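Subject: Structure handover

Hi,

Here is the structure for you to look at. My notes on it follow below.

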Amino acid sequence: MERHPGGRDMIILGQGRDSTGMFYSYHRDPAKAEAVLSKLPELDSSLLPACEEMDAFDFKSKTYEELRERVNTYFKTNNLNSRGGLYMLAKSVALIMLYAFTYYLSLFWGWLFLCPLVGILSSSLGLCIQHDANHGSFSSSQFINRIFAFCDDIIGGSGIMWRHQHCVAHHIFCNDVKKDNDTKSQFPLMRMNPALPHREYLRYQHIYGLFLYSLIGISFPIGDLLSFLSGKYADVDLHPLSLIDKATFYIGKAVHLTLFFLIPCYVLGISFLWKWYLPLELVGGVWLAGLFAVSHNNSACLHNYESEDWALMQIRTSANWASDSLMWNIMSGGLNCQIEHHLFPGICHVHYPALTKIVRQYCKEKNIPYNAYPTFTEIFVDHIAFLKKMGQKHVE
């Protein structure tokens, strides 16, 4: 595992479960990885843990093979590494410094009007840094990936929990009501999948939804702790946690508690809760949830889409917005290019604007519907309309 180019974390994440989906989606050239595997000893099947297989998916479909070929040609022609490189490192360090400076001004200088900005920047540590780091796409160095993955722990989440929820479940089974926790985790408070049962109060979810979004940053620390103690994240069993994993989790919670509760309480007293903490978390929560919720929950994306072609399923269940905008690529950490991210999660988001042109052109040639909204405003408005539709009793 220590010799794996993608790092130890990505391999151990597949322990005890069928990791076929992760294997083929993270390797741009699966043939090379398969050649390595062919030299390794194969365990007797009776020694392997029971796990659900992914026979229903074709990870070597013509669609995926042709897309891989075009993407690989792009990197080879331009002599580029698919990870973030110095640009990603510089961008991340600059963002962390801006976050620390704004945090300092809001708390120690009493510039409380900056609290909403601190919340947005906190969310940005998750959107723009830890997302790539926990996918292993930030750097080719496992150590660097782990360092920047810790940004998730600083803002109240957990890199360990996020990898199970995001890399194992969501990415492989996008919008599948049985296997994608992201499409059902809000239920029964919200309904984002037509296969979920209806509740009468859901008729108003498009109204109260933004308030629930604002609470996401407050709920993460509690939810992650419960998952850690139970050994499961929703339906996903946690892989055997090493001493480093456990230490990282507890140190992360201690750092978050210190930065967001102990120090603010010492400086501002108990009033920090409504003067500093709530403005920060409520605004940051809406920013965070608003940016990632729209990409799979809109009128263009399909839900519970049945197809043997895994790549086609990813394209049909995801949507882009403002994908040609460099500003949004920087501010959203590439979430505006969700289709490309789901097809190639092992590639850093700094490359998505170029990959968007490749995938979009391919879909046009093959008459594959390519879900794209010109602006964030348009997909957000459509997201609210989607919530209203999902709140109705009868949804086709």
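Which residues does isoleucine 129 touch, leaving out those up to four places away in sequence? They are Met88, Ser92, Leu95, Ile96, Ser124, Phe138, Phe148 and Cys151. Contact here means heavy atoms within 4.5 Å.

Before the rest, the ground rules. This is a predicted model, in which local features need pLDDT of at least 70, side-chain atom pairs count only at pLDDT 80 or more, and totals for chains, interfaces and linings use all residues. Residues are numbered from 1 along each chain as its sequence is written, and side-chain values use heavy atoms, with hydrogens and water left out.

Overall fold. The protein chain has 18 helices and four strands (DSSP runs numbered from the N terminus: H or I of at least four residues for helices, E of at least two for strands). Its radius of gyration is 21 Å, close to the 21 Å that the globule rule gives for 396 residues, so the chain is as compact as a globular protein of that length. That radius is taken over C-alpha atoms, and the rule is 2.2 Å times the number of residues to the power 0.38. The C-alpha trace spans about 60 × 50 × 45 Å along its principal axes. Of the 396 residues, 51% count as buried (under 20% relative accessible area; exposed is over 50%, partly exposed in between; 1.4 Å probe, protein chains only).

Cores. The largest nonpolar core has 46 residues. Such a core is a set of buried Ala, Val, Leu, Ile, Met, Phe, Trp, Tyr and Cys residues joined through side-chain atoms within 4.5 Å. Ile129, Trp276 and Trp321 touch the most other members. At least two residues each come from α5 (85-108), α6 (115-135), α7 (142-149), α13 (272-293) and α18 (376-390). A second, separate core of 39 residues includes Phe57, Val168, Ala169 and Ile172.

Helix packing. α5 also packs with α12 (residues 243-268), at an angle of about 35 degrees and with axes 10 Å apart. Axes are lines fitted to C-alpha atoms, for helices over the stretch in contact; angles run from 0 to 180 degrees between N-to-C directions. Tyr99, Tyr103, Leu107 and Phe108 are the α5 side of the contact. α12 brings Leu259, Phe260, Ile263, Pro264, Val267 and Leu268.

Cysteines. There are zero disulfides (pairs of cysteine sulfur atoms within 2.5 Å). Cysteine 151 is buried at 5% relative accessible area. Its sulfur lies 10 Å from the closest cysteine sulfur, in cysteine 128, too far for a bond. Cysteine 167 is buried at 0%.

Best wishes
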